[in-house]
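Please take a moment with the sequence and the model below. A guided walk through the fold comes after them.

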Amino acid sequence: MEKRVLIYAPTGQDAVLASKMLSLAQVDNLVTETIHRLSEELLIGVGAVLTVEEALSNGGMKALGEFVQRQPNWSDLPIVLLTHRGPDSLSVRQAINTLGNVTLLERPVRTLTLITSLQSVLRAREKQYQVRETDRRKDEFLASLGHELRNPLAPIRTSMSVLNHLYPDQAPVKKVSDVIERQVTHLTRLVDDLLDVARINSGKIELQRDYTTFAQVMEHVTELCSAAAAAKHIRIDVAMPPDPVVLYADYARVVQIVANIVSNAVKFTPVEGYISVRALVEFGALKICIKDTGIGLEPAAIGRIFSMFEQSRPPSGQIASGLGIGLSLSRQFAEMHGGSVQASSDGLGKGSEFVVTLPVVTQARPTTDVPMADIIGSVDQRPRVLVVDDNRDAADSLQALFEMENCNVATAYDGYEAVQAVEQGMPDMIVMDLGMPSMDGYEAARRIRLKPGSQSVLMIALTGWGQSDARQRTLDAGFDHHLIKPVNFDEIKRLADGRLATSHGSRLIR
């Protein structure tokens with residue numbers, strides 16, 4: 001369907017004659033007699049469109065124009081337009097401006113000219129399909145990469161939660177745990193961005209706003225950038241506003257805004273250079289000025305550096321590193337918050353300055369809810385939990401956390417073991433990975449749901465796959481919830497408490 005030529009010439013014999021010629025040349029084609037039929041067939045698949053000038057004023061321009069406007073980025077539908085002899089008409093000029101990829105052939109047209117022209121545009125269309133296939137494979141690779149990166153992140157986060165439970169009053173453990181938690185959260189968000197490049201390019205990233213302070217943001221930024229700066233003996237001088245600055249913003253994204261710019265400054269500042277970060281509040285907005293003694297920018301490069309995948313020229317003798325998306329994301333995230341990012345430089349060798357503006361919250365933070373109560377109930381009434389994951393580190397660390405929350409926990413390391421464990425005793429809750437060998441989590445869940453008494457079991461899928469089709473598959477398999485690794489254990493606790501309170505007369509976990 002995607003290699004065929006759709007012919008739309010509702011009057012005269014042009015459509016019939018063209019179809020016969022193309023069929024003899026073994027070019028797949030279909031004559032569409034009406035506008036409605038043309039619109040339907042365009043959606044099914046099309047390699048090129050062959051139409052005539054008089055069909056444009058008969059609704060053809062509107063149908064083709066709507067399809068061209070809606071086509072994906074990889075697509076540039078080729079349209080071959082047969083025109084009348086003589087000067088171009090108004091409809092032809094409109095077609096060139098509106099439809100884009102238009103090839104004009106003046107009638108009467110030689111058979112060989114028509115066939116070779118259509119074969120040429122079909123070859124160009126095939127190149128577009130190759131671009132689409134490359135994008136599809138790239139998306140699949142990024143999805144797999146995200147899944148593989150999430151798997152080791154999950155036991156790291158869970159293991160730190162175990163240490164916090166074991167040593168709740170140990171300041172060194174708390175400090176290290178906070179660092180790891182921030183870095184895991186930050187890395188997880190970056191992995192999420194990789195999974196959908198189109199979402200980044202189109203700006204379809206939803207902000208997760210909450211109240212935070214600029215001091216917390218800068219503490220995290222310093223943590224992210226200090227090692228690279230120290231390796232080059234670059235001094236980063238930070239000057240904070242005299243009073244606390246409260247933001248209602250996506251904490252991770254604000255960290256990215258500032259950290260991307262500071263990291264870029266470190267990258268393009270010579271050894272023993274200097275970077276200053278000055279922040280102040282002006283007219284209800286936070287203004288962050290980041291100035292370096294780096295290689296500077298050419299005037300022509302100032303606007304270009306915010307383009308996606310744009311790489312500035314590195315200092316002589318160095319190899320460009322990074323993906324070239326940091327500054328683009330910084331500006332995009334700032335604008336999503338209602339702010340901006342601007343760049344300036346006095347020229348090559350004279351350093352650069354970036355100014356970030358973000359709105360500041362003036363009203364007080366709303367009061368928070370009272371924390372949940374401690375566990376109520378005796379050991380005999382402990383909820384039964386089954387943890388299933390082929391990653392033994394992930395399963396064992398999650399088991400340890402549930403046990404610390406006064407749960408009776410069993411583990412299984414594949415789908416078959418999970419089904420056997422349920423046959424021996426029906427748990428109250430199952431937390432199960434999806435991507436397991438032999439029997440995956442989908443099949444295991446379906447088999448478990450077929451067993452008597454399983455309908456009351458809370459089943460949570462823990463997985464590295466976050467696509468919408470994966471979520472739908474988990475619901476179809478019988479899961480109640482779909483959580484993306486590395487999940488915060490508090491989220492599992494929230495789901496468990498809400499579902500199992502009625503069956504045990506108390507909350508499952510605090």
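The paragraphs below go from the whole chain to single strands, and end at an annotated site.

This is a predicted model, in which local features need pLDDT of at least 70, side-chain atom pairs count only at pLDDT 80 or more, and totals for chains, interfaces and linings use all residues. Residues are numbered from 1 along each chain as its sequence is written, and side-chain values use heavy atoms, with hydrogens and water left out.

Start with the overall make-up. The chain holds 15 helices and 17 strands. Both are DSSP runs numbered from the N terminus: helices are H or I with at least four residues, strands are E with at least two. Of the 510 residues in the chain, 44% are buried. Buried means under 20% relative accessible area, exposed over 50%, and partly exposed in between, with a 1.4 Å probe and protein chains only. The accessible surface is about 26,000 Å², and carbon and sulfur atoms supply 53% of that surface. These areas come from the Shrake-Rupley method with a 1.4 Å probe; for residues, only the protein chains shown count as cover. Among contacts with a separation of 6 or more, 71% link residues 24 or more positions apart. A contact means heavy atoms within 4.5 Å.

Now turn to strand 4, residues 79-83. Five of its five residues are buried. In a regular strand the side chains alternate between the two faces of the sheet. Here Ile79, Leu81 and Thr83 point one way, while Val80 and Leu82 point the other way.

What does strand 4 pair with? Strand 3 (residues 48-52) runs parallel to strand 4, over four bridges. Val52 stands opposite Leu82. Strand 5 (residues 102-106) is also parallel to strand 4, joined by five bridges. There, Leu81 has Leu104 as its bridge partner. Two strands count as paired if DSSP finds at least two bridges between them.

Strand 3, helix 3 (residues 53-70) and strand 4 form a right-handed β-α-β unit. Strand 4, helix 4 (residues 90-99) and strand 5 form a right-handed β-α-β unit too. Right-handed means that, with the strands pointing away from the viewer, the path from the first strand over the helix to the second runs clockwise.

Strand 7 pairs with strand 9 (residues 274-282) in the parallel sense, over five bridges. Arg235 has Tyr274 as its bridge partner in strand 9.

Helix 10 spans residues 326-336, and its buried residues include Leu327, Leu329 and Phe333. Just after helix 10, Gly338 takes a positive phi of about 85°.

Last comes the annotated site. An unreviewed UniProt entry lists Asp433 as "modified residue: 4-aspartylphosphate". UniProt positions are given in the numbering used here, feature names are shortened, and annotations may be inferred rather than shown by experiment. Asp433 sits in strand 15 (residues 429-433). Is Asp433 buried or exposed? Asp433 counts as buried because its relative accessible area is 2%. Leaving aside residues up to four places away in sequence, Asp433 touches Val388, Asp389, Asp390, Gly441, Leu462, Thr463 and Lys485.
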